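Have the view open and follow the points in turn.

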Amino acid sequence: MKRQGFFGAVLCALIAQTAPSLAQAQTYPVRPIKIVTPFPAGQGPDVLLRNLAEKLGPVLGQPVVVENKPGGSGFIAFQAARTAAPDGYTLVHMDSFHIGTQPHLFDKLPYSATRDFDPITPLVRNYFFVAVSANSKWQTMSDLIAAAKAKPKSVSYGSWGVASPAHLGGLMLEASTGIQMTHVPYKESSQLYTGLAMGETDWAIASAATAGPMLQSGKVRFLAAAGPRRIGGYDKVPTAAESGAPKDWTVGGWNGLLAPKGTPKDVIQRLNTEIAKVMQSPEIREKLTIFTYEPYTMSSSEMSKLMEQEQAYWGPLIQRSKIKLD
């Protein structure tokens, strides 16, 4: 009897411990969910989030709101999310460059994407274009590379800031071809593409959204797609490899959602499942094409591995280039 009483007590204790988790899984969410993003309102990633929030809210039975906290290299948004309660009601939006490059760019990084947050799922991925002025004499990537080889440092490429994807894409092209170019950083993307159209710089990495106005007005053109395949809606633009660049040279990224470390696994799993369904809906997929995004979801554990791969990938290039943003 004593033995039965002992095991009965253990069973009751286990039930008591698991009851809160089971109750949470059944009731979550019971109030609005907030997604904190470092991107300004109106930019592609922000528009993506707002479309997701609009569709995700009814599925979860609670409003999903987007809170923009731009500036500070993303630190303002990430710090706000890092210190939030790990209960599934505050999520954070990061892109692959925040996750992969910042640990190598800052000696005193005030957060760790891998230690301070639990991954939920990536949302989308996209690849950039190589843009030149409409008056550029280059017709292919071979032309660009040949000009840079003929006269080192004579070819310039612009970016929307040091260590931005546009800057790193140029460094990657230098590393893969042995050429030397001159980097011209601008304060923001609108200034960059205006400068490109005016011939202040020779070429730049661009997205369909950021360079769209200049592209539509005929002041810049896309030389190549910096991805492994042609991009939907721009089928006439060859890939960089088709245009003469090294086959392994691509410039792209992804962004996704994370939660403060310690968020219950059942909450992470529910968010993962419902977000994946929403991202595959015809309405969302149609809107994604405007920004040349494609749905890119996976399990939380797979995203964790992806984050580690991003950090390992960017480390050697940044260290070799001796870039620091502290």
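1. Let's start with an open sheet of 5 strands, ordered 7-6-8-5-9 with mixed pairing. Strands pair if DSSP finds at least two bridges between them; helices (H or I, at least four residues) and strands (E, at least two) are DSSP runs, numbered from the N terminus. Strand 7 (182-185) and strand 9 are the edge strands, each pairing on one side only. From one strand to the next, the twist averages 35°.

2. A word on the source: this is a predicted model, in which local features need pLDDT of at least 70 and side-chain atom pairs count only at pLDDT 80 or more, while totals for chains, interfaces and linings use all residues. Residues are numbered from 1 along each chain as its sequence is written, and side-chain values use heavy atoms, with hydrogens and water left out.

3. Within the sheet, strand 6 (residues 156-159) and strand 8 (residues 203-206) are joined in the parallel sense by 2 bridges. Here Y157 stands opposite W203 of strand 8.

4. Strand 5 (residues 129-133) runs antiparallel to strand 9, with 5 bridges joining them. V130 faces A224 of strand 9 across this pairing. In strand 9 (residues 220-225), 5 of the 6 residues are buried, so the strand is largely enclosed by the rest of the structure. Buried means under 20% relative accessible area, exposed over 50%, and partly exposed in between (1.4 Å probe, protein chains only).

5. Now for helix 6 (residues 165-177): this helix lies across strand 6, strand 7 and strand 8, at about 150° to strand 6. Axes are lines fitted to C-alpha atoms, for helices over the stretch in contact, and angles run from 0 to 180 degrees between N-to-C directions.

6. Helix 6 also packs with helix 11 (residues 300-321), their axes 11 Å apart and at an angle of about 85°. The two helices are therefore roughly perpendicular (65 to 115 degrees). On the helix 6 side, L168, L171, M172 and A175 meet residues of helix 11 that include Y313, W314 and L317; contact means heavy atoms within 4.5 Å.

7. Finally, which residues of helix 3 (residues 75-82) are buried? They are A77, F78 and A81. Seen down the helix axis, the buried residues of helix 3 fall within an arc of 95° (taken from the directions from the axis to the C-beta atoms), so they line one face of the helix. Among the elements they pack against are strand 1 (33-37), helix 4 (96-105) and strand 10 (252-260).

Definitions and conventions. Angles under 35 degrees count as roughly parallel, over 145 as roughly antiparallel, 65 to 115 as roughly perpendicular and the rest as oblique.
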